[in-house]
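This report goes through model confidence, helix packing and selected side-chain contacts in turn. The sequence and structure come first.

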Amino acid sequence: MSKSGDNSIQHDTNTMIHPNTNDGDEESVSSASQIYESASQMSAVSPDNLNRILLNMKLDRYGFVVGKTYDDDCSSEEDGSISESVAHDMEDIEENEASDLPSPSSFLLQHHENGRNNEDNISPLRSHQRSRKKSTPRETPVDSDMLSLQQRRGAELSDAERRRRLALERKREKKWVKMIKRWDGLHNDERKKNKKLLRMRVRKGVPNTFRGAVWTMLAGVPGKVFKTQVGKYKGLVLSTEVPNQDTMDTIDRDIHRTFPRHMMFIEEAMRAKEAEAKDEELAAQGIEAATSEEDDFVNAKGGQASLRRVLRAYSLYDTDVGYCQGMNFIAATFITFMPEEEAFWMLVSVMNEKPCLMRGLFGKRMSQTQEILFVAEKLVAQFFPRLYQHFENESIHITMFATQWLLTVYTSSFPFDLVTRVWDCFISEGWKIVYRVMLALLKISTPVLMKCRFEDMLGHLTAIPATVDGDAVMKVAFKIPLRKRHVRKYQREWQSRDAD
């Protein structure tokens, strides 16, 4: 890879954020549109009918549509709310109402209670988490040789494995309730023992019922929302200042291909179709639909509307960066777990603050992108020299497959059971987990890749996101002996070259 490495890293990585914008995205969108088409066969899709259709969609635990029928068999045993014993524990916890800025523990528990009880203030994702449904196989054909440790994503977990994972989730919820009681001291405690405990719990995976709140606390978002930046986001949303038209066009284009199978985004797409049909009906009668574009932007409901506001607000907040492809997936991931304003400040935090510091990935020079790809290449050479040499022999460069993985921190194409685990650690620890997961994906695939030539190798690398088991990947990732000093070594090497 070194023969073409320096030049290859300079390639325009924007075009690699969406590698399947023609075939892949159309296929995903068509899957969502088919659901709408079946509904639109009725003379009119009323709100009641629309809600019934949405509720009949089969969702995985993260809110992605995986089928069109409701599976009654898995609604009772796999209830997504926490157990009664955990709820009982929480009744004894007093919330701190003395300050405008809630204490971390009360903020987390309020978040958790909202996620369980308050349907007016939660996303469609959270309302469906309380009745998790068994995932059906993805319809992605995978060569049988790819089924080593990673297993095909379409290979459904056995009932025993599902029950084991569910029981483990419940057990972890109880531990997190106890830990949250003393979060105020635990997160800010400099003692090694407490820091190690928090890191260990985060690495094992934050329970879904706590994930959005924990992410915001780790990133310091409540301090911005309730104290230092009160009203700032609302001001940006209502601002008469607008990004340039090219930026808005790019945002609108990218929004429509962001998680097209997720419940929050399908719902808006269906409502948009319904509104479009009504407008056409009025037009046929010679009546012009009276709409206000600004009112639609500010008051529109649904995941796409929230994402549009967050991305537009960030482009006004950080005019030097504005908007760049890839930010849509990161912001959308936050939106599925937390209120819109918190999602905005999460984006601000991961872009500008330690340990994430992603801003350099999306600036005009994209200098951090080149550094990250350089470090990734060096790590592959260090940990998997035979695979690295095979890549060299077949003229496979890391930019051909890892750009999309790294720049969006896996949010753009990987299943959420992996994405959420990576982001648990990324928000807490920084970039090391991103490299670790990349190395784990390659390690799992090495037996197949070593048998492949150029085209088959690229095909396999492209198929990896659809074939991974997130739990298995994370187990492999944490066994890879990557240390911060390895990353820092290659960062310094890149920076010295860049200075020259």
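## Confidence

pLDDT is the predictor's confidence in each residue, on a scale from 0 to 100. This is a predicted model, and pLDDT stays under 50 over residues 115-155. For that stretch the model has 107 contacts beyond four places in sequence.

Taken over the protein, the mean pLDDT is 74, with 64% of residues reaching 70 or more. Residues 2-54 have a pLDDT below 50, and this stretch has 79 contacts in the model beyond near neighbours in sequence. Where pLDDT is low, predicted coordinates should not be read in detail.

## Packing of α18 and α19

Helix α18 covers residues 327-335 and helix α19 residues 340-352. Their axes are 9 Å apart, and the helices pack at an angle of about 130 degrees. Angles over 145 degrees count as roughly antiparallel and those from 65 to 115 as roughly perpendicular; α18 and α19 are therefore oblique to each other. Their crossing is right-handed.

On the α18 side the contact is made by Met327, Ile330, Ala331, Phe334 and Ile335. Helix α19 contributes Ala343, Met346, Leu347, Val350 and Met351. By class, the residues of this contact are 10 nonpolar, no polar and no charged.

## Packing of α24 and α27

Helix α24 (residues 416-429) and α27 cross at roughly 35 degrees, and their axes come within 8 Å. From α24, the contact involves Asp417, Leu418, Arg421, Val422 and Cys425. From α27, Gly470, Asp471, Val473, Met474 and Phe478 take part. The residues of the contact of α24 with α27 divide into six nonpolar, one polar and three charged.

The whole structure contains 17 salt bridges. Asp469 is in the loop between α26 (454-463) and α27 (470-479), while Arg165 is in helix α8 (residues 159-181), so the pair ties together parts that are 304 residues apart in sequence.

## Contacts of Phe383

Phe383 lies in helix α21, which covers residues 367-383. Which residues does Phe383 contact, leaving aside its neighbours within four places in sequence? They are Leu439, Ile480, Pro481, Leu482 and His486.

For Phe383 and Ile480, the separation in sequence is 97 residues, and the C-alpha to C-alpha distance is 8.6 Å.

Conventions
Residues are numbered from 1 along each chain as its sequence is written. This is a predicted model: local features need pLDDT of at least 70, side-chain atom pairs count only at pLDDT 80 or more; totals for chains, interfaces and linings use all residues. Side-chain values use heavy atoms; hydrogens and water are left out. Contact means heavy atoms within 4.5 Å. Helices (H or I, at least four residues) and strands (E, at least two) are DSSP runs, numbered from the N terminus. Axes are lines fitted to C-alpha atoms, for helices over the stretch in contact, and angles run from 0 to 180 degrees between N-to-C directions. Angles under 35 degrees count as roughly parallel, over 145 as roughly antiparallel, 65 to 115 as roughly perpendicular and the rest as oblique. A crossing is left-handed if the near helix is turned anticlockwise from the far one by less than a right angle, and right-handed if clockwise. Ala, Val, Leu, Ile, Met, Phe, Trp, Tyr, Cys and Pro count as nonpolar, Asp, Glu, Lys and Arg as charged, and the others, Gly among them, as polar. A salt bridge is a side-chain nitrogen of Lys or Arg within 4 Å of a carboxyl oxygen of Asp or Glu.
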